[in-house]
Amino acid sequence: MIKFAVCDDEPTMVEALCAEIHTWMKKSGETDYDISCFSGGQALLESTENFDIVFLDIQMEHPNGMETAKMLRQRSRDTALIFVTVSKEYVFDAFEVTAYDYLLKPLNRERFQRMMSRAVAACTRRAERSVVIQKGVSCEVILFSQIVYCEVQGRKIYIHQENGAVTDYYDKLEKFERRLDGRFFKCHRSYLVNLDKVCGCRSGQASLSDGSKIPVSRLREHQLTEALLRHMKETGG
């Protein structure tokens, strides 16, 4: 299911965005989706839902859209943040929160539909890829989008997932890395990190969406920053 959130303090804009989402989803044949509406940033932040796509008005009462986006981004790198604003000048700070796109008021249907096509396709791609971990006669399927980071200890790999689960099995980190895609980066000889889950990097540590911190080797700190920027351009995230 694709989960949408619409956050705007103008009821008419909330209605317009919901109508456009319903129209596009019906036209594309997508039926498995849900829309939650919020009249302000605080209400959105108090929700316990993990949204795939968030439409966020920038000019709202405290917290405004940008402040709300910063707090949302601390929770997850996966959410596609789409700012809704009356002027382009208000999205200059969008890079800081890795916004996916922006829409100008009043809505332009053609631009909205193009943006939806890209955003929904990106969400689907992120969610669907997975890796199968075999342990004896049993196996476990883990979605790439659920993996926060992987670490090797001794001869075992520990796969830390967003839901708090940790899966361990015997393998080499280099071999496991070849089974993953471009969203994963080797930030340390013993660690692989999902770039979608990185919230920041400072003083030899990467801060992750689940609240944990992992080491980043001195030689790879700059490479991690470059990988993050490249990944954001490729995914629109």
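Aspartate 57 is buried in this predicted model, with a relative accessible area of 2% (buried means under 20% relative accessible area, exposed over 50% and partly exposed in between, with a 1.4 Å probe and protein chains only). Aspartate 57 belongs to strand β3, residues 53-57; helices (H or I, at least four residues) and strands (E, at least two) are DSSP runs numbered from the N terminus. Leaving aside neighbours within four places in sequence, aspartate 57 is in contact with Cys7, Asp8, Asp9, Gly65, Val84 and Lys105, where contact means heavy atoms within 4.5 Å. An unreviewed UniProt entry annotates Asp57 as "modified residue: 4-aspartylphosphate"; UniProt positions follow the numbering used here, feature names are shortened, and annotations may be inferred rather than shown by experiment.

Residues are numbered from 1 along each chain as its sequence is written. Local features need pLDDT of at least 70 and side-chain atom pairs count only at pLDDT 80 or more, while totals for chains, interfaces and linings use all residues, and side-chain values use heavy atoms, with hydrogens and water left out.

Threonine 79 lies in the loop between α3 and β4 (80-85) and counts as buried, at 13% relative accessibility. The side chain of threonine 79 reaches the backbone oxygen of phenylalanine 51 at 2.9 Å. Not counting residues up to four places away in sequence, threonine 79 touches Phe51, Asp52, Val54 and Arg73.

Phe51 and Asp52 are also among the residues that lie nearest the centre of the largest pocket, together with Asn50, Asp78 and Gln146. On a 1 Å grid over the protein atoms alone, a pocket is an open set of points where a 1.4 Å probe fits, with protein on both sides within 12 Å along at least five of seven lines, and lining residues have an atom within 4 Å of a point. The largest pocket holds about 700 Å³ of space, a volume being the space filled by probe spheres set on the points, which are joined across faces, edges and corners. Its lining of 26 residues divides into nine nonpolar, eight polar and nine charged. Elements giving two or more residues to this lining are β1 (2-7), α3 (65-75) and α4 (109-128), and α4 supplies the largest share, four residues.

Residues 131-230 carry the annotation "domain: HTH LytTR-type" in an unreviewed UniProt entry. This span is 15% helix and 50% strand, and its end C-alpha atoms lie 23 Å apart. Aspartate 168, in strand β10 (residues 166-170), is buried at a relative accessible area of 19%.

Notes. Nonpolar A, V, L, I, M, F, W, Y, C, P; charged D, E, K, R; others polar. Polar contact = N/O pair within 3.5 Å; in protein donor to acceptor, adjacent residues only side chain to side chain.
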